[in-house]
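Please read the following note alongside the sequence and the structure. The points begin with the chain as a whole and then turn to particular parts.

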Amino acid sequence: MNTGELIAGIVLIALSILFYFSSRARKSQAAVIDSAPALNLNQPAQGRLYGKFQGVIVADQPIMTPYSSQSSVAWSAYLQREKREIDDDTSSTRTEWETVWSKSASAPFRLRGAGELWFDERGGLPPIDGRSTFNENIHDRDNPIIAPYVSTRGLLAKLSRPSFHAVETALLPGEQAFFVGPVEAVNGYWVARRGKGKEYSVVTWKSEQDVRRNVHGSGTLQVALSGILLVAGIIVLIMALS
């Protein structure tokens, strides 16, 4: 019996099981989105509803994004620095990316469509999926984005070419956005809330069709990966036990 192959087979089957349950969760999310009704929030705000809402992003006091310097209602950004280390065993160079800064921020905003839906701390913001507004590799050590994180210790550090990767996503006023999730009446306004339990919730720059396509596609891909890993794991176990 080959112990290494036995362990590899068990790991492959375990991964197969993880992908299977993950695919079931994605399929469940897809079913929720498909069955969720379109919300008409022109009605008086009373109680709690679950459904889909499409509208234009409106903000009274937008906030600036850190990298692209655009007015936004919500943004998320991070900065990574490339690290190169020599492997003592193989003498090869190993490259890793270290996150040196990350932050997200949001301001109260609303979607204006069939009525108005508010997003702020009164409801506990749902997950926010912003579109890419900045994605660049930066090597200029004088660039203000990376300047605080560039090493200046030693002659080699001063002569070396820095390598950073900056990413930013945001929701921008005036653009269309799609929301699926629970909404609740708060002080006479409809306010979006984060989903509880099996409730799926997100506000995104993508269209409803894109969201449904992504969720369905992800679930199908994970089912396929689960099957492939299961077959591979069984084959490796047979080889290990033969």
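1. Of the 242 residues of the chain, 34% count as buried. The model is a predicted one.

2. As to secondary structure, the chain contains three helices and 13 strands. Where contacts link residues at least 6 apart in sequence, 70% of them join residues at least 24 apart.

3. An open sheet is formed by four strands, in the order β5-β4-β10-β9, with antiparallel pairing. Strands β5 (93-106) and β9 (131-138) stand at the edges; each has a single partner strand, so one side of each is left without a neighbour in the sheet. From one strand to the next, the twist averages 15 degrees.

4. One of the residues concerned is Ile-86, whose bridge partner in β5 is Thr-93.

5. Is Ser-72 buried or exposed? Ser-72 lies in strand β3 (residues 71-72). Its relative accessible area is 0%, and because buried means under 20%, Ser-72 counts as buried.

6. Which residues are in contact with Ser-72, leaving aside its neighbours within four places in sequence? They are Pro-62, Ile-63 and Thr-65, together with Ala-170, Leu-171, Leu-172 and Pro-173.

Notes: Residues numbered from 1 in each chain as written. Predicted model: local features only at pLDDT ≥ 70, side-chain atom pairs only at ≥ 80, totals over all residues. Heavy atoms only, no water. Helix = DSSP H or I, 4+ residues; strand = E, 2+ residues; numbered from the N terminus. Buried < 20%, exposed > 50% of the residue type's maximum accessible area, 1.4 Å probe, protein only. Contact = heavy atoms within 4.5 Å. Pairing = 2+ DSSP bridges. Axes fitted to C-alpha atoms, helices over the stretch in contact; angles between N-to-C directions.
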